[in-house]
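Good morning, colleagues. Please bring the structure up on your screens; I shall begin with the overall fold and then turn to one pair of helices.

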Amino acid sequence: FDQTKLPWTVEILRLSDTAQVAEAITTMRVRGAPLIGAVAAYGLALALRRDASDGAMETTATRLAGTRPTAINLRWALEMMLAGLRNQPHDARVAIADRIAQEIADDDVETNFRIGQHTLPLIEAHAEKGRVNILTHCNAGWLATVDYGTALSGIFQAHDAGVPVHVWVDETRPRNQGALLTAFELSGHGVPHTIVVDGAGSALKAVGPD
């Protein structure tokens with residue numbers, strides 16, 4: 001999804017070369033630490049289809065790492081790719097890169113699902129007192145990952161399990177990832193939620209939602 005156009009327009013990005021991958025990360029069309037890492041891994045794999053030499057590979061990895069210098073998952077994914085590609089025959093690198101990139105994506109899906117599994121009992125325990133109100137900040141749903149999401153994974157699983165959950169969604173200035181993205185995800189999943197200004201978060205925690 002082109003995240004800069006959500007929730008007003010749902011547009012699928014098709015990234016076919018490294019330049020497009022770099023642009024998408026830099027402009028935050030693609031955002032979210034886990035997703036950035038997976039997309040960058042595939043960006044390097046795409047580059048090897050054109051040139052699998054040592055110099056081109058290292059240059060491309062450096063270029064992709066520079067798209068979001070503070071993104072830990074980005075550097076981690078690229079390091080995983082390079083560790084598996086260095087000292088390998090050039091004609092084998094495309095297949096190896098595809099395999100590692102797919103493993104990074106698959107591992108993210110499994111990790112996020114398990115985050116939700118571990119979170120679900122905590123939410124269920126609070127449901128014994130009635131509706132569970134959860135305050136979120138920024139966006140940590142499936143848009144920010146390969147699937148499920150990190151913090152929202154447990155919320156989705158709780159909702160699916162019939163737990164009465166409601167989410168207070170901080171708008172998250174200046175880019176409004178909460179109001180635009182988290183609310184979009186929760187709405188699509190049917191999770192009750194309310195968008196609030198960032199400054200309301202401390203008040204909600206201090207006096208309660210009711």
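Read along the sequence, the protein chain of this predicted model runs α-α-α-α-α-β-α-β-α-β-α. In total, the secondary structure amounts to eight helices and three strands.

Let me turn to overall dimensions. The C-alpha trace spans about 60 × 30 × 25 Å along its principal axes. The accessible surface of the protein chain is about 10,700 Å², and carbon and sulfur atoms contribute 55% of that surface. Of the 210 residues in the protein chain, 42% are buried.

I now come to the helix pair. Two packed helices are described by the angle between their axes and the distance between those axes. Here the pair is helix H1, residues 18-26, and helix H3, residues 54-65. Their axes come within 10 Å and cross at roughly 20°. Angles under 35 degrees count as roughly parallel, and therefore H1 is roughly parallel to H3. The crossing of H1 and H3 is right-handed.

Which residues of H1 and H3 make the contact? On the H1 side they are Thr18, Ala19, Val21 and Ala22; on the H3 side they are Thr60, Arg63 and Leu64. Sorted by class, this contact of H1 with H3 comprises four nonpolar, two polar and one charged residues.

That concludes my presentation. Thank you.

How values were computed
Residues are numbered from 1 along each chain as its sequence is written. This is a predicted model: local features need pLDDT of at least 70, side-chain atom pairs count only at pLDDT 80 or more; totals for chains, interfaces and linings use all residues. Side-chain values use heavy atoms; hydrogens and water are left out. Axes are lines fitted to C-alpha atoms, for helices over the stretch in contact, and angles run from 0 to 180 degrees between N-to-C directions. Helices (H or I, at least four residues) and strands (E, at least two) are DSSP runs, numbered from the N terminus. Angles under 35 degrees count as roughly parallel, over 145 as roughly antiparallel, 65 to 115 as roughly perpendicular and the rest as oblique. A crossing is left-handed if the near helix is turned anticlockwise from the far one by less than a right angle, and right-handed if clockwise. Contact means heavy atoms within 4.5 Å. Ala, Val, Leu, Ile, Met, Phe, Trp, Tyr, Cys and Pro count as nonpolar, Asp, Glu, Lys and Arg as charged, and the others, Gly among them, as polar. Buried means under 20% relative accessible area, exposed over 50%, partly exposed in between (1.4 Å probe, protein chains only). Accessible areas come from the Shrake-Rupley method with a 1.4 Å probe; for residues, only the protein chains shown count as cover.
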